[in-house]
Amino acid sequence: MAEQATERTTIAAPPDQVYATALDIERYPEWAEDIKEAEVIERDDQGRPALVRFRAAAMGHSARYVLRYDHAGAPARLAWVLAEGDIVKVLDGEYQFEPAAGGGTEVTYHLAAELAVPLPGFVKRRAETKIVTTALEDLKARCES
């Protein structure tokens, strides 16, 4: 069964800028700490990433996976599901972008993950929390720089 984690942060940038940064997936290796490669394999009819191949640092190893993106809620939401992966069975998630009171953007990041290899529950939860926290901190740093 997939473990789930959700976290929120406020980013001092307008929602359209935050969404555009999250959507520019090919640049993730420049600012997302654990993403080493991001290659868009397929785009939708509006030129947005639809299928993306990643290589990421994962617990001292390199994980490879492909995510299929869902733009149905754009620009308030960017969602994805795992299409294939080597050490993950589930890696589904979403960013939600809402205008924050007083300016900026409230960003909620939700992730459901399940590894293909068995690990103790506390190790899995620690890894998922790190992924979610790092994703939000890295996005915030990129948008506010």
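**View 1. Thr134 in helix α3.** Thr134 sits in helix α3, residues 121–144. Helices here are DSSP runs of H or I with at least four residues, strands are E runs of at least two, and both are numbered from the N terminus. The model is predicted: local features need pLDDT of at least 70, side-chain atom pairs count only at pLDDT 80 or more, and totals for chains, interfaces and linings use all residues. Residues are numbered from 1 along each chain as its sequence is written, and side-chain values use heavy atoms, with hydrogens and water left out. Thr134 counts as buried because its relative accessibility is 10%. Buried means under 20% relative accessible area, exposed over 50%, and partly exposed in between (1.4 Å probe, protein chains only). Neighbours within four places in sequence aside, Thr134 contacts Glu33 and Asp34. Contact means heavy atoms within 4.5 Å.

**View 2. Tyr69 in strand β4.** Strand β4 spans residues 61–70 and holds Tyr69. At 9% relative accessibility, Tyr69 is therefore classed as buried. Not counting residues up to four places away in sequence, Tyr69 touches Ile25, Pro49, Ala50, Val52, Phe54, Leu78, Ala79 and Trp80. Glu42 is 27 residues from Tyr69 along the chain, and their C-alpha atoms are 10.0 Å apart.

**View 3. Phe54 and the largest nonpolar core.** The largest nonpolar core has 37 residues; Tyr28, Phe54, Tyr65, Tyr95 and Leu139 touch the most other members. Strand β7 (residues 105–115) gives the most to this core, with 5 residues. Such a core is a set of buried Ala, Val, Leu, Ile, Met, Phe, Trp, Tyr and Cys residues joined through side-chain atoms within 4.5 Å. Beyond its neighbours within four places in sequence, Phe54 has contacts that include Ile25, Tyr28, Tyr65, Leu67 and Tyr69.
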